[in-house]
Amino acid sequence: MIDKGVTKVFEGVLEAKGLKFGIVCARFNEFFVSKLLSGAVDCITRHGGKADDIAVAYVPGSYEIPFAVKKMLQLKKFDAVIALGVVIQGATPHASYINNEVAKGLAQLSLEFGTPVTYGMITAENLDQAIERSGTKQGNKGVDAAMAAIEMANLTRAIGK
Ligand code: RBF
């Protein structure tokens, strides 16, 4: 990153030691979400975080994720909350309705509570796209969301609450 001589730079280091994370998982498409969850936990622990400092809440489907994220944020115990879900497009337009609500809900909650909420959602057109994003060709969106959570939690500390 080029900072052109700026002397004060706020950055979040990728160190999870001492940080507490909430993770909200949708049970729908559990086959994929379980891969996102193990990726997220693995990412946090490989960056120095403790499994004991991670709390997981399960909800029926992605539509319910923002509610559980809000409940976790209200506890004021977590440095960041990670949302994990997989919405696969079917014959009806349900996917866009769910995706819009989840994206909007998570962004609003993060700003309302001043705590990072990261987006580990797969919005796929088909099963192949979901497979590619839950631990194969396109990586693992749970890992990406956990990495973003670590960085944002540290950025929040760096800037000061
Ligand atoms: N939840 C998901 O997390 N992923 C999906 O792909 C998904 N598809 C759904 C399709 C339909 C037609 C409906 C009615 C629900 C679906 N849900 C899905 C569940 C949804 O997020 C929510 O849990 C339920 O609608 C109960 O409020």
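Four strands make up an open sheet with parallel pairing, in the order β2-β1-β3-β4, where two strands pair if DSSP finds at least two bridges between them, and helices (H or I, at least four residues) and strands (E, at least two) are DSSP runs numbered from the N terminus. This is a predicted model, in which local features need pLDDT of at least 70 and side-chain atom pairs count only at pLDDT 80 or more, while totals for chains, interfaces and linings use all residues. Residues are numbered from 1 along each chain as its sequence is written, and side-chain values use heavy atoms, with hydrogens and water left out.

**Sheet and helices**
- The edge strands, each pairing on one side only, are β2 (54-59) and β4 (117-124).
- Strand β1 (residues 21-26) pairs with strand β3 (residues 80-88) in the parallel sense over five bridges, and Cys25 stands opposite Leu84 in β3.
- Helix α1 (residues 30-46) packs on the sheet and touches β1, β2, β3 and β4, contact meaning heavy atoms within 4.5 Å.

**Ligand surroundings**
- The ligand is surrounded by residues that include Phe28, Asn29, Gly61 and Ile98, a residue being near if one of its heavy atoms lies within 4 Å.
- β3 contributes the largest share of this shell, three residues.

- A backbone N or O atom of Tyr63 lies 3.1 Å from an oxygen atom of the ligand, and a polar backbone atom of Val86 is 2.8 Å from a nitrogen atom of the ligand.
- A polar side-chain atom of His94 lies 3.5 Å from a nitrogen atom of the ligand.

Technical notes. Axes are lines fitted to C-alpha atoms, for helices over the stretch in contact, and angles run from 0 to 180 degrees between N-to-C directions. A polar contact is a pair of N or O atoms within 3.5 Å; within protein, one must be able to donate a hydrogen and the other to accept it, and residues adjacent in sequence count only if both atoms are side-chain atoms.
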